Amino acid sequence: MPFTKFPLNLQLDMMDCGPACLTMIAKHYGKFYSLQYLRDQCGITKEGVSFADISHASESIGLRSLSLKCTVDDLLLKIPLPAIIHWDNSHFVVVYKVNAEKRKIYVADPAKGYVSYSDKEFVAKTIKKSGAATLIPEVQEKLVLMVVEPQADFYERRAGEKIERLKTFENFIGYFKPYKKSFVNLFFIMLLVTILQGMMPFISKAIIDVGIQTHDIDFINIILIANIAIIISVLLSNMVRDWILLHITSRINIALISDYLIKLMRLPITFFENKQSGDILQRAQDHERIRSFLMNNSIGMIFSVLTFVVFSIILCIYNPIIFYIFLAGSALYVIWVMGFLKLRKKLDWEYFDLVSKNQSYWVETIASIQDIKINNYEKQKRWKWEGIQAQLYKVNLRVMSITNTQNLGAQFIDQFKNLFITFYCAKAVIAGDITFGVMISTQFIIGMLNAPVSQFIQFIVGFQFAQLSFLRLNEIHQLPDEHDNVGQNNMELPEQKSLMINNVGFQYTPAGKPILQGIRLVIPQGKVTAIVGDSGSGKSTLLKLLLRLYKPTYGDIKIGDMNINNISLRQWREKCGAVMQDGKIFNDTILNNIVLDDEKVDYSRLKKALQTANISQEIEALPLGYETVMGEQGRGLSGGQKQRILIARALYKNPDYLFFDEATNSLDTINEQKITAALDDVFKGKTVIVVAHRLSTIRKADQIVVMQNGTIVEVGSHDLLMQVEGRYYQLVQSQLDLTSTVAVPSAVDREAVLSE
């Protein structure tokens with residue numbers, strides 16, 4: 001249970017503000033974690049922590065985080081609290097309460113305790129001018145904050161433990177715990193509406209049996225006013241109920257999808273390589289099914305149970321026999337509908353598979369439209385889509401047939417039941433067993449009781465759909481994370497940081513063809529190692545093993561004498577900068593594509609990275625400069641420009657290890673020469689691994705590794721390998737022969753070609 005007063009946790013060290021803020025928020029949501037434990041999770045250093053560190057720590061204890069920029073008005077009116085604010089460019093505090101009318105902001109400061117500020121004072125403390133003006137003339141400054149909320153498994157977690165495997169709907173119920181007060185209010189509103197509606201039959205009976213029989217107009221007017229008051233009260237109550245439901249539904253929907261995305265981000269890259277895009281997208285829509293069931297069917301069912309109980313009691317008071325007739329007819333109605341559930345379950349699985357294929361088709365078609373047009377493949381692609389639609393049509397036709405049969409039978413049973421009750425009531429009025437007013441009121445009661453029965457059917461059908469969606473999601477949540485069973489904490493790396501690859505092999509599946517076999521290699525610290533070989537020889541796969549995108553099938557990789565798996569993935573990748581041959585440009589500004597939303601942009605480092613990549617002048621020539629928004633997949637940029645932005649991104653990190661996989665293959669000769677010359681200076685003191693087809697670009701490498709058919713066949717310098725006249729010599733010869741047919745007239749100039 002959350003505390004009524006926001007807890008305060010003072011920092012013990014000047015760099016403890018981030019972990020202290022997280023400790024306060026965890027306490028607020030009802031869990032205690034020691035400051036030291038959260039320090040370790042944040043990976044605190046003498047420079048303190050960043051929002052990225054706090055986000056990593058919050059997710060490790062089951063708290064969902066979202067970093068964003070907003071105005072002070074957004075903070076006062078829209079942002080859910082508590083939120084962590086980056087304060088004075090050097091400190092973190094928690095905003096736990098605001099007063100929009102007085103424009104007051106209440107802060108729990110780990111250094112000062114509880115303090116409050118006016119909006120102007122708060123903005124003056126929070127927003128500072130950045131160094132962006134050196135590169136970007138106009139930068140709109142905003143508050144930088146992080147919203148933190150509990151995930152579904154937050155209350156089940158213990159320190160150091162992760163609850164990853166969802167097994168029951170109880171896990172999803174965890175999303176509702178932060179809204180207990182709202183649900184209590186919702187229950188009382190439902191109860192009030194049910195009681196008010198329960199008065200309606202008595203009012204109808206009074207009008208007929210008293211007002212009309214006695215010709216008392218005043219009594220009828222009083223009853224009319226009471227009836228209007230009840231209708232207005234029910235209307236207003238329903239408006240409040242709908243507003244509460246909208247608020248809760250929106251928040252829970254975001255939380256569900258956010259946690260699914262968090263899980264996806266934790267999965268290894270092999271998951272995405274082996275899954276269709278449509279399958280992943282369709283599972284995101286499964287969350288909507290579960291949310292709809294929990295929010296609409298489940299809550300509606302609670303309201304229906306209240307209605308059913310109240311009106312059943314009223315009907316029993318009027319005439320028990322009528323109630324028993326209604327109960328028997330409703331039981332038959334329910335049995336009929338539930339008889340179709342097994343057929344619906346089978347069709348739902350088929351429908352899911354086809355919709356996944358349909359979504360994958362659209363993703364593939366849009367991504368491949370250029371190749372489709374070049375090869376006049378439009379008609380054939382359309383026919384494939386029509387084939388999927390034909391299968392979907394057949395499934396939908398079967399669903400419609402079952403639905404129609406189910407609905408027709410259900411309507412017949414329901415109408416027959418209502419007709420039987422009407423005739424029974426008519427005979428009872430003639431026999432004098434009940435009054436005419438009771439008969440009219442009974443019809444109203446039956447109408448009110450029919451709604452809960454229909455709601456119960458919807459609940460059962462919704463439960464089945466949600467259960468199927470849950471099974472599909474459970475498959476994802478049961479998958480091991482990318483970092484399972486490997487180092488989780490930041491560790492001191494050994495002084496000797498050379499990479500040792502010891503008898504490493506890799507294959508995608510246990511029965512699949514080996515991609516790498518018995519790789520033994522030392523990549524010396526602070527040197528440039530080039531990897532060359534034919535296409536399909538395993539160069540890029542070896543690079544991905546070093547980046548820990550893949551796990552070796554056998555063997556191990558070490559940094560000095562330390563196994564690389566003892567280092568957390570996050571720490572390792574912070575030390576690595578990579579340019580892959582299929583690197584992506586995000587749909588964002590050029591600046592964010594390079595710094596990747598770095599909280600504190602180092603503009604001197606950015607300038608150096610841009611100059612090395614030889615891209616700064618072209619960016620600054622654009623109307624919006626670094627704030628130019630790139631289209632999806634870098635639309636609007638040439639292949640060479642994309643590659644240079646990717647190079648600038650890798651260099652901006654200023655990593656200890658650089659991995660270049662065909663990093664200059666899209667560049668023209670002039671740009672390649674300029675960047676290669678500039679990189680010579682950047683490479684000094686760094687461990688660099690370069691994969692290249694253009695052998696002229698790696699001639700100066702300290703070590704050249706030649707691969708063939710997944711194995712290493714040669715290792716040495718350019719001069720040594722040329723003297724040996726082995727596989728490397730053959731590769732050089734083949735490129736020189738190709739070049740000589742175009743521009744090089746004799747073998748005398750071959751060394752000149754290599755030195756270009």
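User: Which side chains meet in a salt bridge at 4.0 Å, N to O?

Analyst: First, the ground rules. This is a predicted model, where local features need pLDDT of at least 70, side-chain atom pairs count only at pLDDT 80 or more, and totals for chains, interfaces and linings use all residues. Residues are numbered from 1 along each chain as its sequence is written, and side-chain values use heavy atoms, leaving out hydrogens and water. Now the general idea: a salt bridge is a side-chain nitrogen of Lys or Arg within 4 Å of a carboxyl oxygen of Asp or Glu. Here, Lys684 and Asp681 meet that way.

User: Is Lys684 buried or exposed?

Analyst: Learn the cut-offs. Buried means under 20% relative accessible area, exposed means over 50%, and partly exposed is in between (1.4 Å probe, protein chains only). Lys684 has 64% relative accessibility, so it counts as exposed. Asp681, at 45%, counts as partly exposed.

User: How many salt bridges does a search of the whole structure find?

Analyst: The search finds 13. One of them joins Asp53 and Arg570, with the closest N and O atoms 2.4 Å apart. That pair links distant parts of the chain: Asp53 is in helix α3 (residues 51-60) and Arg570 is in helix α18 (residues 569-574), 517 residues apart. Helices here are DSSP runs (H or I, at least four residues), numbered from the N terminus. Asp53 is buried at 15%. Arg570 is partly exposed at 27%.

User: Where do Arg382 and Glu386 lie?

Analyst: Both lie in helix α15 (residues 378-431). They are 4 residues apart, about one turn of the helix. Arg382 is partly exposed at 40%, and Glu386 is partly exposed at 34%.

User: How many aromatic pairs does the search of the whole structure find?

Analyst: Rings of Phe, Tyr and Trp (its six-membered ring) pair if their centres lie within 6.5 Å; planes under 30 degrees apart count as stacked, over 60 as edge-to-face and the rest as tilted. The search finds 17 pairs. Among them, Phe187 and Phe188 have ring centres 6.0 Å apart and planes at 70°, so they are edge-to-face. Phe187 is partly exposed at 37%, while Phe188 is exposed at 52%.

User: Which ring does the charged end of Lys97 sit over?

Analyst: A charge sits over a ring if NZ of Lys or CZ of Arg is within 6 Å of the ring centre and within 35 degrees of the ring normal. Lys97 sits over the ring of Tyr106, 4.6 Å from its centre. Arg605 lies over the face of Tyr652, at 4.4 Å from the ring centre.

Methods:
Helix = DSSP H or I, 4+ residues; strand = E, 2+ residues; numbered from the N terminus.
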